[in-house]
Amino acid sequence: MRKAGTFSRRVALSAALLALLLPPIAFAMPKFRVQAIGQFHYDQGNPLWEYDRRVMACSYCHVKESGGAPWNSFGQALQAQFQVDAAGGQKNRFPQVLYALLKAQQDSDGDGYADALEVFARTLPGDAKSQPQQPVAELEKAFEGAGGVEQYAPSKPQK
């Protein structure tokens, strides 16, 4: 015969163990960011990318490192692309909007590097001070050799 408190102690111990093993809620990344990381292939070669805030900082789209308003020029370009799609009757999801923006070959921050090139070079497309180390022509050649903007096309749903 079991004592009345044994079950509740086991449940409490299991919950405590689970809390130690799982990351705290604060580590959870917003869905948009998780989608962009996968779409940009920033998760490759880093098995713990979900716990590494450096993989893609909030400052990719936001002015503040902590995210939230205000948005930087790349974040504003994403917002504008959502509005363009909506005005055209399209209800695209984030991966499609992000891809459309990169295909447009804009330079959101005006630093001379198209947003897609900055994604490829892993610099911030919304921060003019964050620039690739390679000259544009050299980076464009490497970018095209790697698949160009098509490498950032959203994955097709599996049937």
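1. Basis of the model. This is a predicted model, in which local features need pLDDT of at least 70 and side-chain atom pairs count only at pLDDT 80 or more, while totals for chains, interfaces and linings use all residues. Residues are numbered from 1 along each chain as its sequence is written, and side-chain values use heavy atoms, with hydrogens and water left out.

2. Overall fold. The chain has six helices and zero strands, in the order α-α-α-α-α-α along the sequence; helices (H or I, at least four residues) and strands (E, at least two) are DSSP runs, numbered from the N terminus. Of the 159 residues, 35% count as buried, where buried means under 20% relative accessible area, exposed over 50% and partly exposed in between (1.4 Å probe, protein chains only). The accessible surface comes to about 10,600 Å², with 59% of it belonging to carbon and sulfur atoms, as given by the Shrake-Rupley method with a 1.4 Å probe. Among contacts (heavy atoms within 4.5 Å) with a separation of 6 or more, 39% join residues 24 or more positions apart.

3. The H3–H4 pair. Helix H3 (residues 73-87) and helix H4 (residues 94-103) pack at an angle of about 110°, and their axes are 9 Å apart. That makes H3 roughly perpendicular to H4, a label that covers angles of 65 to 115 degrees. On the H3 side the contact is made by Phe 74, Ala 77, Leu 78, Gln 81, Phe 82 and Asp 85, and on the H4 side by Phe 94, Val 97, Leu 98, Ala 100, Leu 101 and Leu 102. These residues divide into 10 nonpolar, one polar and one charged. Axes here are lines fitted to C-alpha atoms, for helices over the stretch in contact, and angles run from 0 to 180 degrees between N-to-C directions.

4. Burial of H4. Seven of the 10 residues of H4 are buried, so this helix is largely enclosed by the rest of the structure. The buried residues are Phe 94, Pro 95, Val 97, Leu 98, Tyr 99, Leu 101 and Leu 102, and they pack against helix H2 (31-39), H3 and helix H5 (115-121). H4 is followed by Gln 105, whose phi is positive, near 55°.

5. Leaving aside neighbours within four places in sequence, Tyr 42 is in contact with Ile 37, Val 55, Met 56, Tyr 60, Glu 118, Val 119 and Arg 122.

6. Asp 109. This residue lies in the loop between H4 and H5 and counts as buried at 12% relative accessibility. Asp 109 and Ser 73 are 36 residues apart in sequence, yet 5.8 Å apart in space, C-alpha to C-alpha. Not counting residues up to four places away in sequence, Asp 109 touches residues including Ser 73, Glu 118, Leu 124 and Ser 130.

7. Gln 151. Located in the segment after H6, Gln 151 is buried, with a relative accessible area of 18%. Beyond residues up to four places away in sequence, Gln 151 touches Gln 39, His 41, Phe 120, Phe 143 and Ala 146.

Notes. Parallel < 35°, antiparallel > 145°, perpendicular 65-115°, else oblique. Nonpolar A, V, L, I, M, F, W, Y, C, P; charged D, E, K, R; others polar.
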